[in-house]
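Subject: Structure for you to look at

Hi there,

Here is the structure I promised to pass on. Have a look at it first, and then read on for my notes.

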Amino acid sequence: MKYRPTVGEILQAKGVSRRGFLKYCATTASLLALPPSMIPRIANAIESARRPSVIWLSFQECTGCTESLTRSASPTVEGLIFDAISLDYHHTLQAASGDQAEAARHAAMEENDGSYLVLVDGSIPTGNPGYSTIAGISNVDMLMDTVKGAAAVVAIGSCAAFGGLPGADPNPTGAVSVQDLVTDKPVVNVPGCPPIPMVMTAVLAQFLTFGQIPDLDKHGRPLAFFGNTIHDRCYRRPFYEQGKFAETFDDEGAKAGWCLYKLGCKGPTTYNACATVKWNQGTSFPIESGHPCLGCSEPKFWDKGGFYQPLSTGHFGSGATVAGAAVAGVALGAVAAAAGRRRKAKYTKEA
Amino acid sequence: MSTANDIPIQGGAAHGNVRPILFEVLHALDKLLDDDIPTTIDLAGLPFGPGELEKLEAALGHGELVAQLNALGTSHIRETAYPGVWWVEHRNVNDEVTGRYIEITRFPEILSSQDADIGAARARLRETFE
């Protein structure tokens, strides 16, 4: 097995000072939603961690997840996490192609048997194998062959995590998620369309730092990022509590930045970190830009009714979930529900 | 109106997220003075509406000491108008903010010369005599 340097050695070779390293650890702690008091422990763990091998498989996907990730991988502190892994196979990013690329995948699997990570974006078609192939190998065969010696599998994006758009009704390719096929390895789901880049790097940082996958919720998502709903952490939440809602996209409520619940915001039933981590180098997130949350990190979000229908119309999630969300907010009550019912009646009539 | 920045933003700074953080800072000062325990508040995990972060920064104000660290990008570390309360902002080499913290401490640890760097410095200086 070839020598794999520690992360500390890699950073030292790059001329990163101890102060720079502490800064790196502070960002890592922040990424992992760990308290700053954990920074010394993170520093010790990362310094001695060995550079892990990563194999990235892309199946039925749009490359949006890779786009999201590479936009965060400019030479930044979090980008160092990617310097600290050995990305041995990635269709879009690697220079090799054809037999050479496949040889690289097999070599990485053999050299790191039992310890490498497999990252997957895209859903896997289970209908005709010819729907999606790489080097003449069906997606199912490539996935199952590659995960055999993996330590863990990370499903990147809603397609890999839950089937996503290819799996939406009527699902012509028989698309399934990674966890539908891989049942004997730890699978971490990092959904989103696309996922937040920092969440993807955080999962890798967690593995790098502690050699294990993070704590997960019932859908296999890291609790550190998917433990709260968008609504829980939304800066517009006080308006929800006060019963102040935008009714249309150009009314006074919208201009005043009021809650977008009645415009179809799925924040109350969507678990993700957009409201705090935000997008585009922390600039904003959809609600801050005036658009309701679509709920893209929830299973089967494409098939749960119109994006602009309020939750209270009952299309998105169970009635109990919606009722729970309404109870969590104090003042929504009958007004919004009645408006939702009126709107539902309108949609039904129009349909 | 020629750029996006010219568009007036309404509805900002009315979300009530600043005052609780100032209370947290106050309690952290109690801990520092009474028990000698420093506190770091990671601002990344807190929800801020448009303009609220700026409001928080303005509320803490500027103090006597400002430092700049140049390692993996620039970091700005300054004492606020409240001694013992430091505003720490880390940026990457693209000048994008990667972390913002309020440290309630006598002296932020990252400003201290680190043993590993001191050791490397000693070796480097020693080489100049050989």
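**Notes on chains A and B**

Asn171(A) sits in the loop of chain A that runs between α8 and β8. Please keep in mind that this is a predicted model. The phi of Asn171(A) is positive, near 50°, although the residue is not glycine. With 17 C-beta neighbours inside 10 Å, Asn171(A) counts as partly exposed. The loop between α8 (157–162) and β8 (175–176) of chain A also holds Pro170(A), and the peptide bond from Asp169(A) to Pro170(A) is cis, with omega near 10°.

Chain A has another cis bond to show you: Cys193(A) and Pro194(A) are joined by a cis peptide bond with omega about 0°. Pro194(A) belongs to the loop between β9 (187–190) and α10. Lys278(A), in the loop between α14 and α15 (319–328) of chain A, is a non-glycine residue with a positive phi, near 65°. Lys278(A) has 19 other C-beta atoms within 10 Å and is therefore partly exposed, since a buried residue needs 20 or more.

Still in chain A, which residues of helix α3 (residues 39–48) are buried? They are Ile39(A), Ile42(A), Ala43(A) and Ile46(A). These residues cover an arc of only 105° around the axis, so they lie on the same side of α3(A). Their packing partners in chain A are α1 (7–13), α2 and α10 (197–210).

Now to the contact between the chains, to which chain A gives 30 residues and chain B gives 31 residues. On the chain A side, α2 (18–31) and α14 (274–277) each supply at least two residues. By type, the chain A side divides into 13 nonpolar, ten polar and seven charged residues.

Chain B has three helices and five strands, in the order α-β-α-β-β-β-β-α along the sequence. Of its 130 residues, 28% are buried. Among contacts in chain B between residues at least 6 apart in sequence, 43% join residues at least 24 apart.

Val18(B), Val25(B) and Ala28(B) are the buried residues of α1(B). Viewed down the axis of α1(B), they fall within an arc of 75°, so they line one face of the helix. Their cover includes β1 (39–42), α2 (52–60), β4 (85–91) and β5 (97–104) of chain B. On the other side of α1(B), the exposed residues are Arg19(B), Pro20(B), Phe23(B), Leu26(B), His27(B), Asp30(B), Asp34(B) and Asp35(B). After the helix comes Asp36(B), with a positive phi near 60°.

How do α1(B) and α2(B) pack, and at what angle? The angle is about 35°, with the axes 10 Å apart, and the crossing is right-handed. From α1(B), Val18(B), Ile21(B) and Leu22(B) meet Glu52(B), Lys55(B), Leu56(B) and Ala59(B) of α2(B). The residues of this helix contact divide into five nonpolar, no polar and two charged.

Best wishes

Methods:
Residues are numbered from 1 along each chain as its sequence is written. Chains are lettered from A and ligands numbered from 1 in the order in which they are written. This is a predicted model: local features need pLDDT of at least 70, side-chain atom pairs count only at pLDDT 80 or more; totals for chains, interfaces and linings use all residues. Two residues are in contact if their C-beta atoms, placed from the backbone, lie within 7 Å. Helices (H or I, at least four residues) and strands (E, at least two) are DSSP runs, numbered from the N terminus. Ala, Val, Leu, Ile, Met, Phe, Trp, Tyr, Cys and Pro count as nonpolar, Asp, Glu, Lys and Arg as charged, and the others, Gly among them, as polar. A residue is buried if 20 or more other C-beta atoms lie within 10 Å of its own, exposed if 12 or fewer, and partly exposed in between; C-beta atoms are placed from the backbone. The arc is that of the directions from the helix axis to the C-beta atoms. Axes are lines fitted to C-alpha atoms, for helices over the stretch in contact, and angles run from 0 to 180 degrees between N-to-C directions. A crossing is left-handed if the near helix is turned anticlockwise from the far one by less than a right angle, and right-handed if clockwise.
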